[in-house]
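Reader: I'm new to looking at protein models. Could you show me how to read one?

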Amino acid sequence: MDKVSKSIYMKSKEEVLMPELMAYTLAKLGSYEWNRTEMYNPNRIYEKPAGFYFRFHNADQLYEELKHCIQHFKGNLEWMIYVSPLTKNQNYVIEPADVHHAKQTEAYQVNLELEEVLQDSYKEICEQAIQDIPLLCNHIEQWFGLEHKQLHAPTIPN
């Protein structure tokens, strides 16, 4: 249907697609060593709740500041940032707190089914998370004064 979209590094803010907005915003804050550009699948929004998975290059202090920033965000949902327990490389995850808490439950550990853990709120969380993305990105931009900043090129880990 649509041709492969160009890299976020080649786009103006107006061209950035909603699932890529967080990747675009945080690229103004630091240089990625790794990231999963899309926060969710726009064609299947209930596949899994939106979340941003990434790792900056040499950015220890930045994560703490980002955590502080995200804690102050007021959206439909409460969001958080944490180190993914499933990675060896200290990858970070930004996602709704409800999703994070659901992942801590025994039921999730057993069958990795968020929908079963979150039940009735699952679809609503998926929808509200997507509505929150532009608000959260704006909040981050304002918090760090990124409006007119250029994107940092990604760093290839050696």
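This is a predicted model: local features need pLDDT of at least 70, side-chain atom pairs count only at pLDDT 80 or more; totals for chains, interfaces and linings use all residues.

Reader: Which residues of H2 are buried?

Author: Buried means under 20% relative accessible area, exposed means over 50%, and partly exposed is in between (1.4 Å probe, protein chains only). In H2, Leu62, Tyr63, Leu66, Cys69 and Ile70 are buried. They cover an arc of only 120° around the axis (taken from the directions from the helix axis to the C-beta atoms), so they sit on the same side of H2. On the face turned away from that buried side you'll find the exposed residues Asp60, Gln61 and Gln71.

Reader: What covers the buried residues of H2?

Author: The cover includes helices H1 (21-27) and H6 (122-144), along with strands E2 (52-56), E3 (79-83) and E4 (92-96). Contact here means heavy atoms within 4.5 Å.

Reader: Now the pockets. Which residues lie nearest the centre of the largest pocket?

Author: On a 1 Å grid over the protein atoms alone, a pocket is an open set of points where a 1.4 Å probe fits, with protein on both sides within 12 Å along at least five of seven lines; lining residues have an atom within 4 Å of a point. The largest pocket has 16 lining residues, and Tyr82, Ser84, Pro85, Leu86 and Lys103 lie nearest its centre. H3 gives the most to this lining, with three residues.

Reader: How many residues in that lining are nonpolar, polar and charged?

Author: Ala, Val, Leu, Ile, Met, Phe, Trp, Tyr, Cys and Pro count as nonpolar, Asp, Glu, Lys and Arg as charged, and the others, Gly among them, as polar. The lining of the largest pocket has eight nonpolar, six polar and two charged residues.

Reader: And how does the lining of the second largest pocket divide by class?

Author: There you get seven nonpolar, one polar and five charged residues. Among its 13 lining residues, Lys48, Tyr53, Lys103, Tyr108 and Leu114 lie nearest the centre.

Notes. Residues are numbered from 1 along each chain as its sequence is written. Side-chain values use heavy atoms; hydrogens and water are left out. Helices (H or I, at least four residues) and strands (E, at least two) are DSSP runs, numbered from the N terminus.
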